[in-house]
Structure formats: C-alpha cells, structure tokens
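Please open the model in your viewer and keep the selection panel at hand. The tour below goes from one selection to the next and says what is found at each stop.

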Amino acid sequence: MNNEYKALSPETLGERLGELDIMKQAVGSNTASWTVREVGDGNLNLVFIVEGEAGSVIVKQALPYVRLVGDSWPLPLKRAFFEYHALTRQEARDPGSVPKVLYFSEEQALIVMERLQPHIILRQQTMEGRKVDGLGKRMGLFAARTAFRGSDLSMAAPDKKADTALFAGNVELCDITESLVFTDPYYDAELNRHTTPQLDGIVAELRADEALKVEVQHMKRAFTSRGETMCHGDLHAGSIMVTSDEARVIDPEFAFYGPFGFDIGMLIGNYLMAYHAMPAHISDAEACKDYQEWILSVIEETWSVYCAEFLRLWRTERTGILYPAALYEDQGHHFASEAAAQQLLGEIFRDLVGIAGIEMHRRILGLAHVAELDTIEDEDLRAKCETKCLKLGQLLVMSRNRLTGMDAVIAAARHTESGAMA
Ligand code: SR1
Ligand code: MG
C-alpha cells in the first residue's frame, strides 16, 4: 500500500487493502467478491464493513477533518493512533470487552478490527425499546477494571507515567471535550443549537446560573488536571455495541488520562437522557414505564458492580504506588485500607454525578446531540423530554456533593420524570 494518506472509499478499499495478509485471511483473497459498505454514523470517521468469502471485518479510518462539520474543522489523523493504543490497553485491562484489533496503519490512520455481529449500537436498541440482559454488570465491570488497572493503584509508576505522556498527545480530541462539553453549552457559542423557541427560556436560565458555571468549571479542572486513569473519553450509548445479552465497547479515540469518574459519569448521563426520552419512543404507557424502570435498574447495577469490582481489585491487585499494602494490610491496618477505598469510591461518585449532569446539558445545548432526543419529530414533545434532562442535569451538577448514593440520583430522576420540577 502506498504510504501517503488517502481516504478510502468502497470503490478503492479492495484494491488498497487486498494485499494485506490479514485481509486475505479474514475476508478472502478474491477482492472481486468483496462487498464494501460505508456505515459510519458517528461524528468523525469513515467506517466500512468489508465482507468476502472468508468472513467480514470492520475498517475504520480517520478523516483529516470533523465529519459532522466538514473540512472547515480540521482534525489530526493521529486520533487513530490513540484509538489503537486505547483498544490494546482496554483489552488487556478487561479482556473481551472491546473488538479485537487485527491491523493498524498509522500512516493511513486506519484500524482493521473484528466485526461484532449481530451487535447493534446500544442507542438504536434503546430507541426500539429492547433490553440487554447483563448490561449493568458488563459496563460496571468494564468501567471499574479499566479505571483501576489503568491507574497508580495498579500500574508500575514508570508505565503509568509513560502512558500518561503518550496520551497527553491527544490534544485536539481533549480540546473538543473541553470546548463542546465543559464550555460551549454554558454560553451562546457559535456551534451550539437547541430546540427553539421551546427551550429558549430554560436555556437562558441555565446560562445565567453563575453557581452552575462555577461547578462545571470545577469539573473541567478535574478533566484537564487529574490524570488518575486512562479513560475511554467518549463512553456514551453510541460507543457500545450490543446483542440481547452482550455488550462490547468501541471507539476510544478520545482516550486520555483523567478522573476515575469520567467514563462512568458520561455513561450514566446518557442512560438518564434515554430514561427521559422514552415516552417519545414507546407509546404504550405501561411498556414505557417498564422500560424506564429497566434503564434505572441498569444505572443502579452499573454502579453497584463498579463498586464491588473496584473493591475486589483494591483487595487483590493493589500493586501500584498508591495506598501501598506495606502501609496498611502489612501492618494489620485493614480497617484503614477499607476506609480509604470507600472514601475514594465516594469521590468517584461525586465526580460521576457532576459529569453525568454536564453530559446531559451538552447533548441538548451544544453541537453534538443524541438520537434518543434529536429524532423526536414533535418539537413540543422533544422540548418536554429535553427540559427534564436539563433540569436533572442542573440538579446533579449542583447537588453532587450532597447526594448520598445512586439511590438518590435515581430518586431525583423519578422526581423529574413525574413532572414535579416542571
Ligand atoms: C465534533 S465531535 C462531537 C462529539 O462527537 C464525539 O462522539 C464526541 O462525543 C464529541 O464530543
Ligand atoms: Mg465515537
């Protein structure tokens, strides 16, 4: 393959990748029989499904610009490099949680990976009102294992520092999050959009909320300066592929070393948006209620599994420089060790609640929205669902240091859904 970067197309992919051994093995040698479809529906990249006589793979290639916006917003190709390295670390830290990487080309900014089949994007599954058995457990384990094993609780200090330096290069994708998540939604930024005129009042109210902006900036400071663990960086319902009983995580190109609570917070923010959007997707009131209860149970299970797994790893794999056993267990100070773990989980919880609230705001006020809300054609109904999300988001950000546990978050969501905050 010529090494100069060139975007692939369904027409050129066979000719350009057909000579790779891995493509011959995984798809087949006869490129004439390959079918290639471009299926990327994310905001940034090209994604191809390549099928042939021997099987099928996914080919993901970065574009030199933001696909959602166009070439007026250039974006470095090196994000494929960070995605590749993040996938290898996630696979090591939580085996089986991500698609297998089959080939990586830094020059072409492309990754050939396992095709997950018959998986579909979680967001799509949710909008169709279909449940995923074991989702809370799978995602709780993923979030806890990647958080713990990517931190100074587990890693050797030189490895952690080298990895932190490597991912510190993911400047432009972090910049997207710093702007689109933590800044733009809270003022009248150029790229923002919201359902108008229905939301104009609440949007003005939120942007005038000075205390809210201070809290959000506290969270942004945590994002930029607290490199506790390798985060996926964009863990929403479009970054999870599911069947009725399996879930795998994709798309970690926003990976960076950041706060423990970032990934699980973003994930729970997305679940809460789906919860408030459901009445627009399931017309039967009872079926809708049942599905909403399932979403809340997933939130509860995700966090309880996260805590249990984090504690298990604390007790069995705490080999890093933080809270060394030499200071605690080896001295018979088991109680202090357990107390430290509980305090850390408390801190993670407060961060996750804040991030969840901010994620709910940016998906309604900022550039990048979520399909659960955006596809609601009736604008009044959409605005009603979005208003619930905005209010819950505000409450979460402002109360994150007072909420006593996930039960309180769930109670707040029920309260907002009931219209009590309208
Ligand atoms: C310009 S990129 C917009 C959003 O898409 C990605 O999936 C991230 O969530 C990012 O914030
Ligand atoms: Mg993505």
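A cavity, in the sense used here, is a set of grid points over the protein atoms alone where a 1.4 Å probe fits but cannot get out, and a residue lines the cavity if one of its atoms lies within 4 Å of such a point. Please bear in mind throughout that this is a predicted model.

**First stop: the second largest cavity**

Select Asn45, Lys60, Gln61, Ala62, Ala80, Glu83, Ala109, Leu110, Ile111 and Glu253, which together line the second largest cavity, a space of about 40 Å³. Two or more of these lining residues come from each of β3 (56–62), α3 (79–93) and β7 (110–114), and the largest share, 3 residues, belongs to β3. Colouring the lining by class will give 5 nonpolar, 2 polar and 3 charged residues.

Before moving on, centre the view on Ala109, a residue of this lining that sits in the loop between β6 (101–105) and β7. Its phi is near 50°, a positive value in a residue other than glycine. Most residues other than glycine have a negative phi.

Most peptide bonds are trans.

Now select ligand 1 and show its surroundings, which are Asn43, Leu44, Val66, Ile176, Leu180, Asp234, His236, Phe254, Arg362, Arg363 and Ala368. Which side chains place an N or O atom 2.7 Å from an oxygen atom of ligand 1? They include that of Asp234 and that of Arg362, while for the side chain of Arg363 the distance from a ligand oxygen to an N or O atom is 3.3 Å. The protein covers 95% of the 320 Å² of accessible area that ligand 1 has on its own. Two or more residues of the shell are given by each of α7 (171–181) and α12 (334–365), and by class the shell holds 6 nonpolar, 2 polar and 3 charged residues. If you colour by domain, you will find that at least three shell residues come from each of domain 1 (13–114) and domain 2 (120–417).

Besides α7, the elements that supply two or more lining residues are α6 (157–167), α9 (210–225) and β12 (256–258). The lining divides into 7 nonpolar, 4 polar and 2 charged residues.

**Last stop: the largest cavity**

Finally, select Leu122, Thr126, Leu135, Ala237, Asn270, Tyr271, Ala274, Trp294, Ile295, Val298 and Glu372, the residues that line the largest cavity, where about 70 Å³ of space lies. Here α4 (122–127), α10 (262–277) and α11 (285–316) each contribute two or more residues, and the lining comprises 8 nonpolar, 2 polar and 1 charged.

Definitions and conventions: Residues are numbered from 1 along each chain as its sequence is written. Chains are lettered from A and ligands numbered from 1 in the order in which they are written. This is a predicted model: local features need pLDDT of at least 70, side-chain atom pairs count only at pLDDT 80 or more; totals for chains, interfaces and linings use all residues. Side-chain values use heavy atoms; hydrogens and water are left out. A residue is near a molecule or strand if one of its heavy atoms lies within 4 Å of it. A polar contact is a pair of N or O atoms within 3.5 Å; within protein, one must be able to donate a hydrogen and the other to accept it, and residues adjacent in sequence count only if both atoms are side-chain atoms. Accessible areas come from the Shrake-Rupley method with a 1.4 Å probe; for residues, only the protein chains shown count as cover. Helices (H or I, at least four residues) and strands (E, at least two) are DSSP runs, numbered from the N terminus. Ala, Val, Leu, Ile, Met, Phe, Trp, Tyr, Cys and Pro count as nonpolar, Asp, Glu, Lys and Arg as charged, and the others, Gly among them, as polar. Domain bounds come from an automatic or database domain assignment. On a 1 Å grid over the protein atoms alone, a cavity is a set of points where a 1.4 Å probe fits but cannot get out, and a pocket is an open set with protein on both sides within 12 Å along at least five of seven lines; lining residues have an atom within 4 Å of a point. Grid points are joined across faces, edges and corners, and a volume is the space filled by probe spheres set on the points.
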